[in-house]
Amino acid sequence: MSRIFYLNGRYLSRSEANISVEDRGFLFGDGVYEVIEIHRGALIDEVRHCERLDRSLAELRIDWPMGQAPFARVLREVIVRNKVENGFLYIEVTRGVAPREHVFPNPGVRPSLLISAKSVDRQKSEITAQKGIRVISLPDLRWKRVDIKTINLLPNVLAKQAAKEEGASEAWLVDEDGLVTEGAASNAWIVDQEGTIHTHPVDHSILRGITRTTLIDIIASRGWRLKERRFSLSEAYAAREAFITGALSLVMPVVNIDGNDIGAGVPGPVSTELRRIFHDMAIRTH
Ligand code: PDD
């Protein structure tokens, strides 16, 4: 089945959905995005994703491309037209189309909006989760406001590619103090030998992952110990368990970092349980 893309007010086929050569997203990476999981036809944590999109737009002083009620309707229409049962929505908003000048267009132009939906093979990711993934570490070369979900992803792209070339699935980014910030496209977590779960606190040096936020609620509801604190690579090597979270990876066990097995080198009970219950606890909307 050919995919349908929503672009600036129209539902278009792949070949019809073209952006302008003067779109500021294309020229400057001047835009933001969101990825929302679709689980059994429902959107996972839609409100939190829309709130984060609102914040990213506000930080960059880009207007909402449409009202929030019609926007919510378009999200559903894109899912229906693409017949996605399990997969994800991709939303991108750029500052719009204008002759190439670094400063914002004045008078302002209408932001560009792209929404697409794609199916994923759930079984394949379950098989991956049963085995766990390998991670490599790399220096965090990104700018100082990665809390804004911008489409400027070059360091993330290069880190992911380096991971792939080393037979790993994700790269953990390490700051100048030797502490792990997050993954190239996920948040990073460890479980120490006492069973306490650790993840980087929310500040400008990580993306406040929606999966992360929901998982913190789940951990609290279970009464498990959580510390939002920075951890080092050597703490990660010595951890009992490690895992990543994101709208695409959900909760994905990490079994090896830089060639060091984590725990027994197989997915641990905490990450396995959190993955199992994630969808029961996350907020679904149809
Ligand atoms: N990435 N950190 C980074 C750098 C990310 O790119 C992502 C998600 C996350 C996790 O955020 P969330 O739980 O809201 O998905 C953390 C998306 C999935 C992507 O770029 O494809």
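This is a predicted model: local features need pLDDT of at least 70, side-chain atom pairs count only at pLDDT 80 or more; totals for chains, interfaces and linings use all residues.
User: How do you know which residues belong to domain 1 and which to domain 2?

Analyst: The bounds come from the domain assignment of the protein chain, which gives 4-120 for domain 1 and 125-284 for domain 2. The centres of the two domains, taken over C-alpha atoms, are separated by 26 Å. Domain 1 contributes 26 residues to the contact, and domain 2 contributes 23.

User: What is the area buried between domain 1 and domain 2, and which residues of domain 1 lose the most?

Analyst: About 2100 Å² is buried between domain 1 and domain 2, with carbon and sulfur atoms giving 58%. On the domain 1 side, Tyr33, Arg48 and Arg52 lose the most area to domain 2, together 30% of what that side buries.

User: Why is the pair of arginine 55 and aspartate 147 called a salt bridge?

Analyst: The closest N and O atoms of arginine 55 and aspartate 147 are 2.8 Å apart. The limit for a side-chain nitrogen of Lys or Arg and a carboxyl oxygen of Asp or Glu is 4 Å, so the pair meets the rule. Across the interface of domain 1 and domain 2, three salt bridges are found, and twelve residue pairs are in polar contact. Elements giving two or more residues to the domain 1 side include helix 1 (24-28), strand 3 (31-39) and helix 2 (46-60). The residues of that side divide into ten nonpolar, seven polar and nine charged.

User: What makes glutamate 34 and arginine 52 a link between distant parts of the chain?

Analyst: Glutamate 34 forms a salt bridge with arginine 52, with closest N and O atoms 2.8 Å apart. Glutamate 34 is in strand 3 and arginine 52 in helix 2, 18 residues apart. The whole structure holds 21 salt bridges.

User: Why do proline 107 and arginine 40 deserve a remark on backbone geometry?

Analyst: Most residues other than glycine have a negative phi, and most peptide bonds are trans. The peptide bond from asparagine 106 to proline 107 is cis, with omega near 5 degrees. Proline 107 is found in the loop between strand 5 and strand 6 (112-119). Arginine 40 has a positive phi, near 50 degrees, and lies in the loop between strand 3 and strand 4.

Definitions and conventions:
Residues are numbered from 1 along each chain as its sequence is written. Side-chain values use heavy atoms; hydrogens and water are left out. Domain bounds come from an automatic or database domain assignment. Contact means heavy atoms within 4.5 Å. Buried area is the accessible area (1.4 Å probe) that two parts lose on being put together, summed over both. A polar contact is a pair of N or O atoms within 3.5 Å; within protein, one must be able to donate a hydrogen and the other to accept it, and residues adjacent in sequence count only if both atoms are side-chain atoms. Helices (H or I, at least four residues) and strands (E, at least two) are DSSP runs, numbered from the N terminus. Ala, Val, Leu, Ile, Met, Phe, Trp, Tyr, Cys and Pro count as nonpolar, Asp, Glu, Lys and Arg as charged, and the others, Gly among them, as polar.
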